[in-house]
Amino acid sequence: MLVIRRDLVEAIVEHARRDHPDEACGVIAGPSADRPERFVPMLNAARSPTFYEFESGDLLRLYREMDAKDEVPAVVYHSHTATEAYPSRTDVSYAGEPEAHYVLVSTREPDTHEFRSYRIVDGEITEEPVTVVESYESSPGE
């Protein structure tokens with residue numbers, strides 16, 4: 001299950017709407033895959049309505065930054081502009097983070113959006129529930 005703050009969901013949807021008709025993409029980094037914290041919108045280097053590609057230099061900088069902050073890519077997100085929020089074969093082939101939540105947002109309808117999350121491991125897609133919260137509960141000692 002993906003537990004994610006409302007402000008992060010809103011930021012993803014806003015990014016997807018802003019980049020429409022091209023696909024938007026980005027990462028939410030966090031201390032673990034189950035604690036998405038830091039919203040990192042990325043440039044779709046492909047600038048395509050049917051395909052996304054992280055710019056390699058930006059991605060390298062992001063991974064170095066996450067390493068320095070002891071973070072992982074908790075969420076890898078992108079949008080679909082004309083189809084449902086379900087991973088394509090290309091999306092599956094690019095899914096290289098087995099612990100990450102893969103979020104897809106469909107912006108095919110101008111007044112609504114579809115927000116779904118998946119785990120993609122070894123080419124197998126598993127949809128997971130999404131729980132949107134106002135803030136994360138602190139555990140003792142935090």
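Colleague: Let's start with Tyr77: is that residue buried or exposed, and at what relative accessible area?
Modeller: Bear in mind that this is a predicted model, where local features need pLDDT of at least 70, side-chain atom pairs count only at pLDDT 80 or more, and totals for chains, interfaces and linings use all residues. Residues are numbered from 1 along each chain as its sequence is written, and side-chain values use heavy atoms, with hydrogens and water left out. Buried means under 20% relative accessible area, exposed over 50%, and partly exposed in between (1.4 Å probe, protein chains only). Tyr77 therefore counts as buried, its relative accessible area being 1%.

Colleague: How many aromatic pairs turn up, and what kind do Phe39 and Tyr77 form?
Modeller: Rings of Phe, Tyr and Trp (its six-membered ring) pair if their centres lie within 6.5 Å; planes under 30 degrees apart are stacked, over 60 edge-to-face, the rest tilted. Searching the whole structure gives 4 such pairs. For Phe39 and Tyr77, the centres are 5.9 Å apart and the planes 15° apart, which makes the pair stacked.

Colleague: Why does that pair tie together separate parts of the sequence, and how many residues apart are they?
Modeller: Helices (H or I, at least four residues) and strands (E, at least two) are DSSP runs, numbered from the N terminus. Phe39 sits in strand β3 (residues 38-42) and Tyr77 in strand β4 (residues 72-80), so the parts it ties together are 38 residues apart.

Colleague: And which geometry do Tyr52 and Phe54 adopt?
Modeller: Both of these residues, Tyr52 and Phe54, are buried. Their ring centres are 5.6 Å apart with 80° between the planes, so the pair is edge-to-face.

Colleague: How far apart are the closest N and O atoms of Glu37 and Arg35?
Modeller: Glu37 is partly exposed at 28% relative accessibility, whereas Arg35 counts as buried at 19%. They form a salt bridge, and the separation of the closest N and O atoms is 2.8 Å.

Terms used. A salt bridge is a side-chain nitrogen of Lys or Arg within 4 Å of a carboxyl oxygen of Asp or Glu.
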